[in-house]
Amino acid sequence: MSHPLTAAKTSRRVRAIRLLTSVSPALAWTVAGFVVAEAVLPNLTLIAMGRATGRIPAAARDGLGSAAGHSLLTALALAGVCYGLSLLRGPAEDALSSVVRARMVVALQRRLITAVSAPAGIAHLEDSETLDRLANAQGQLMNAAPADAPMTIASQLGGWLSGTMACVVLCTFRWWLGLAMFAAWLAVRHPLGRLIRTRIGSFRAAGEPLRRAWYLFAVATRPGAAKESRVFGFSKWLTAEHRTHYISGLSPTWTEIRRQGRRMTLVAVAVLAVFALGAGTLGWTAYHREIGLGTLAVMLTMLPSSMSIGTVSMTDFQLEMMLTALPDLDALTDSLEPSADPADAGRDAVDPAGMPREAVVFENIGFRYPGGDTDVFGDLNLTLRAGESTALVGVNGAGKTTLVTLLARLRDPSRGRVLVDGVALNDLHVRDWQKQVAVVYQDYTRYPLSARENVTLNLLGGPVDERALNQAAERAGATDLVEGLADGWRTVLSPQYEGGTDLSGGQWQRIALARALYAVARGATVLILDEPTAQLDVRAEAAFYERFLEITRGVTSIVISHRFSTVKRANRIAVLDGGRITELGSHSELLAHAGTYADLFTKQAAAFTGGRNKA
Ligand SMILES: Nc1ncnc2c1ncn2[C@@H]1O[C@H](COP(=O)(O)OP(=O)(O)OP(=O)(O)O)[C@@H](O)[C@H]1O
């Protein structure tokens, strides 16, 4: 029975090759041809050279024009052809490797994107184990590109076959010498292989510090944090932190390497002993004239050639690191596949088109973040009436953003249910429900795409509704902004691309708002605005709340804002405090109630009026 580790190792190799075969069978056959060339050409060259060497004395004695001379020239010509073909192997391997890598990168990245995008929620993207797997499947943790695995396996297999061929040739001299070399190299390979696997294991266990080191590296080398790192002068700190995390991640590996140093020395001694036995036997038989010069020359070169069975080099280590990506890739696909979610599987899922027609009800909601030690919501109850706007008010950290992630089913409550027209959110088809929701997040994404793609993102590749696009821009106050761009809607909103430009914070916010309003025009029924005016100037904010009724007309909307000028426009206002809704009513009702809302509103108004104006 094979050892489980060896079996796993073999199956990972087979999987890498299968992956290549599924990407391109023709490419897989070309790689197979490369394996044969790798196995045969070096030995053929050595054999031809050895045989030519054996014919030199007779040719020297009889002259090049003699039969012995012709025989030498033929052997040299054959050696030359083999050598010439061997020289072509390098460039051919480079070209083949780059084609294989390119095809594999696309295939692997496609699998990763599919796996990571499969869950409707976002909790998996905050799960340390999933993030470790993701980093490893991309080759980041081990600094080894999984896409290079098939060619490295091919090269390794070619070397192994070449070593085996050398042993077979040695068997033609002394059957036991070929077998002894074969067995010795296999025996050497075993502890070296184990050493590699141990090192890889400790590498993989260091996922978190290594991932952090990679993150710090990205922060230090990409434009995002460049402004802050210069102004606050923390580039040196970034460099030091990167080094600390990298070293803390790798130091267990280095300890392990030192620990295994003694075993490596023993292995080196064993290698020398086997080699000495082979060379000694050849020398002895040649000395006693049992073999000629040609056989001696061939067999002597076959001794080191057989070594490629037992050689464990940096390439083997790299290959093992590349191959660790495959189980992580499979684990990601298995754990994130949509069928894990009953609503995704479509089993009895209700089609949410046009919902809500009556109300969205948060019923006895409790929620705690995974790994958190306090509840964000204890027993939250709230009804959002269909077609109305509800403003959500509360101090920083009250849970406003968290509540809307439950509504968009990016997370599921720990207790209680969200009901849409009486149907539990979990019974709605989750992807279709998410299409009903349009949102401007507090930390909306700035896509380095054209202005047009930034707004119509949900329909990339599909036909764009020009009327809806222009209307959304108009409502979001983005029309002048887009018209002022060098290439209008086609302008790329990133200075990192030719002809691209960047926008100000407030301009970006209008683009994000236009994106949500475009989605509404395309059929979304729930509009979430999380701090939609935080970056707008006073005039733009005033224009926004003047248009608020128009923007929210016909949809069920939630607006989260610390700006009461926006909040008071909503049909109803809910105060979130201590994990519950503590007040609910219109602006005038809540002012009359003289509770938390009235207190907060009065304080904000006083800050602007110096305390002269109370409402
Ligand atoms: N991904 C997360 N993992 C763990 N805890 C989180 C996460 N996101 C938010 N929290 C915590 O949940 C609580 C509610 O956060 P949330 O962002 O919902 O508050 P908020 O009311 O929107 O705040 P603000 O007004 O500052 O935007 C906070 O205590 C926050 O620290």
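Visitor: What makes two residues count as being in contact?

Guide: Two residues are in contact if their C-beta atoms, placed from the backbone, lie within 7 Å. By that rule, four residues of domain 1 are in contact with eight residues of domain 2. On the side of domain 1 that touches domain 2, three residues are nonpolar, one is polar and none is charged, where Ala, Val, Leu, Ile, Met, Phe, Trp, Tyr, Cys and Pro count as nonpolar, Asp, Glu, Lys and Arg as charged, and the others, Gly among them, as polar. This is a predicted model, in which local features need pLDDT of at least 70 and side-chain atom pairs count only at pLDDT 80 or more, while totals for chains, interfaces and linings use all residues. Residues are numbered from 1 along each chain as its sequence is written.

Visitor: Where do the bounds of domain 1 and domain 2 lie?

Guide: Domain 1 covers 13-336 and domain 2 covers 359-609, with bounds that come from an automatic or database domain assignment. Taken over C-alpha atoms, the centres of domain 1 and domain 2 are separated by 54 Å.

Visitor: What is the phi of Asn364, and what is that of Arg409?

Guide: Phi of Asn364 is near 50°, and phi of Arg409 is near 55°, each a positive value in a residue other than glycine. Most residues other than glycine have a negative phi, and most peptide bonds are trans.

Visitor: Which residues does a cis peptide bond join?

Guide: The bond joins Met355 and Pro356, with omega about 5°, and Pro356 lies in the loop between helix H13 (325-336) and strand E1 (359-367).

Visitor: Which residues come nearest to the ligand?

Guide: Tyr369, Asn396, Lys400, Thr401 and Thr402 come nearest among the 13 residues around the ligand, a residue being near a molecule or strand if its C-beta atom, placed from the backbone, lies within 6 Å of it.

How values were computed. Helix = DSSP H or I, 4+ residues; strand = E, 2+ residues; numbered from the N terminus.
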